[in-house]
Amino acid sequence: MEMLELAGKAHDESRQGEAYDPLVKETVLYKKRFYIESYGCAMNFADSEVVASILNAEGFGATRNEAEADLIFLNTCSIREKAEMTVRKRLTEFRSLKKKKPGMLIGMLGCMAERLKSQLLEEEKLVDLVVGPDAYRSLPALIGEAETGQKAVNVLLSRDETYGDIAPIRLDSNGVCAFVSIMRGCNNMCSFCVVPFTRGRERSRDAHSIIKEVEQLFQAGYREVTLLGQNVDSYYWIDEQKDETITFAKLLEKTALVSPLLRVRFSTSHPKDITDEVLFTIAKYDNICNYIHLPVQSGSNRILQLMNRTYTREWYIAKVNRIREILPGCGVSTDMITGFCTETEEDHRDSYTLMEYCKYDLAYMYYYSERPGTLAERRYEDDIPEETKKRRLQEIIALHRIHSLESMQRDVNKTFKVLIEANSKKSDSDWHGRTDHNKVVIFPKENYQLQKGDYVNVRINSCTAGTLLGTINN
Ligand code: SAM
Ligand code: SF4
Ligand code: F3S
C-alpha cells in the first residue's frame, strides 16, 4: 500500500524514470520501470520478490501502475487449466496496452513459461520474453536481448539454484508477514501434478542464508515468517563447517530462536514425511504456530495409489490423530481433488467420510484438471464427466462449510493472542489480525495505542464462516 501510494506520487509529479524504492525507502532515478503480477502458490509470490530484487540491482524500479511500466511480467501458474486461461486472458489485455506503447516488453515468468517454453514466443507471439523459475538471474541479459528484437528465452531448470544469496524485495507487503523460501522443486511424482516438471528437482536452501533473511526481516519490523516449500518436511541441508545435518525440525527450531516475538509458520507438509520431531518442536516453542496444512487429495486408498501419494487413508488418519495428540487444538487444513481418473461414487464417499472424520478448519478443494505431460495424463483416461467432478466438488464444499463454521464457533467466548497485521479492509477503526491457529480476527481499535506488528489479547464474541469478531481483553 505504502509503495503504491508513493509510486503514484512520483507519477503525479511526472518525473520521468523516478520511482519509490521500497528497499532504500526513497525516490530514486531508475532507467526503466517494471510491473509484476503473480499467480499460483505462495512460492510463486516469493519468487516475484526475488525477481524484483534482481531487477532492482540492475537499475529497474517497481511500479504498481501497469500503464507507466516499460516491462510487464506475469509470474504464472500451470497447476490447473483454469489458471493458465486466466493468464492468457490477462496477456491479451497487456497486448492492447503494448499497442499504445510499442517499446514496452511483456515477459512470462514461472511455471507456465517453463511448461510452454518458446511456444508462446514463436507460435503464438504473445510475449517478448519467456523465463522459467530457475533462470531469473539471466533476466537482465534477456531483457537486453528482447530490446534488440531477439528471442529471449531461458527455461533451463537447475539442480542447485535456490536464490539463497538474494535478498527479496517485499512487494505489496503489510510489513508484518513475509514468505521465506527454504527449498525449491519437488521429487514427489504425484501423478496429477505438473510441479515436478515446471519446478524441477527438489533442493534445499543453505540454512545460514534462511536464518540471516529471517533475522533481517525481524530487524525490519516483521513479526511473522512462513517457511515455504512444496514438501517442507524433506528439507535437508548439511552444514559442512560444523558437520551438522539440518532437518526441517532443526530449521524450525533455529527460526523460532531468532526471537520469541516472531511467529513462525510453514507450508506445505506431506503426510508421508511429517515427523514426530517436527510436532514436538512445534509443541516446544510458543512462537511456532499451531497450524498444519496437510493435503490429503483423496480419502480412497485406490485413488491415493493411482495418484502416487504413497500413503493410505489409515496412515493419513493416524498422522492427524498424532497431530491432535501432541498438539491439542492445532489447526489442520487440507487440499482435496474430486473426479480424479476412474473415481467411483464409492471413492468419492471415502473422501467425504475422511473429511467427516478430520473436520478440517480450512480446506482448498478442486475438481481434477488433466495437465499435459503428467503421469496421469500419460497413464490414465480423464474419464469422469465434468458435471460429475463439479457435483462431487460441491458436495465436499458443502460438508466443509459445516466443519469450518463449527471450528469458528468453538472459538467464541475464548481469548486469543492476536498478531495485528493491518487495518480491517472495511473500517480504519478496526484491526485485522490472526490467531496462532491462522484464523482471521477483526476487532475495534478503541483507545488503545497499538500498531501493526503488536500482539494483543482478543476475546471472541461472535463469528462468521471465515472471520472471528472480538474485543481487546488486555
Ligand atoms: N505440494 C503440495 C502437496 O503436496 O500437497 C501442494 C501442491 S499444489 C501447488 C496445490 C494443490 O493443487 C494440490 O495439493 C492439489 O490439491 C491441487 N492440484 C494439483 N494438481 C492438480 C490438478 N491437476 N487438478 C486439480 N487440482 C490439482
Ligand atoms: Fe505436486 Fe505432489 Fe510435489 Fe505437491 S508433493 S508439488 S502435489 S508432486
Ligand atoms: Fe502453480 Fe507453479 Fe505454484 S504450477 S501452484 S505456481 S509451483
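Residues are numbered from 1 along each chain as its sequence is written, while chains are lettered from A and ligands numbered from 1 in the order in which they are written. Since the model is predicted, local features need pLDDT of at least 70 and side-chain atom pairs count only at pLDDT 80 or more, with totals for chains, interfaces and linings using all residues, and side-chain values use heavy atoms, leaving out hydrogens and water.

The protein chain splits into domain 1 (18-154), domain 2 (174-289), domain 3 (290-410) and domain 4 (415-472), with bounds that come from an automatic or database domain assignment. Take domains 1 and 3: their C-alpha centres sit 34 Å apart. Where they touch, 6 residues of domain 1 are in contact with 4 residues of domain 3 (contact means heavy atoms within 4.5 Å). The size of an interface is often given as the accessible area lost when the parts come together. Here, domain 1 and domain 3 bury about 480 Å² between them, and 45% of that is on carbon and sulfur atoms (buried area is the accessible area, with a 1.4 Å probe, that two parts lose on being put together, summed over both). On the domain 1 side, Arg80, Glu81 and Arg115 lose the most area to domain 3, together making up 79% of what that side buries.

Between domain 1 and domain 3 there is 1 salt bridge (a side-chain nitrogen of Lys or Arg within 4 Å of a carboxyl oxygen of Asp or Glu). The side chains of Glu84 and Arg371 form a salt bridge, at 3.1 Å from N to O.

Now for the ligands. A polar backbone atom of Phe192 is 3.0 Å from a nitrogen atom of ligand 1. Another nitrogen-to-backbone approach involves Ser369, where a backbone N or O atom lies 2.7 Å from a nitrogen atom of ligand 1. Taken alone, ligand 1 exposes 560 Å², and the protein buries 91% of that (accessible areas come from the Shrake-Rupley method with a 1.4 Å probe; for residues, only the protein chains shown count as cover).

Key:
A polar contact is a pair of N or O atoms within 3.5 Å; within protein, one must be able to donate a hydrogen and the other to accept it, and residues adjacent in sequence count only if both atoms are side-chain atoms.
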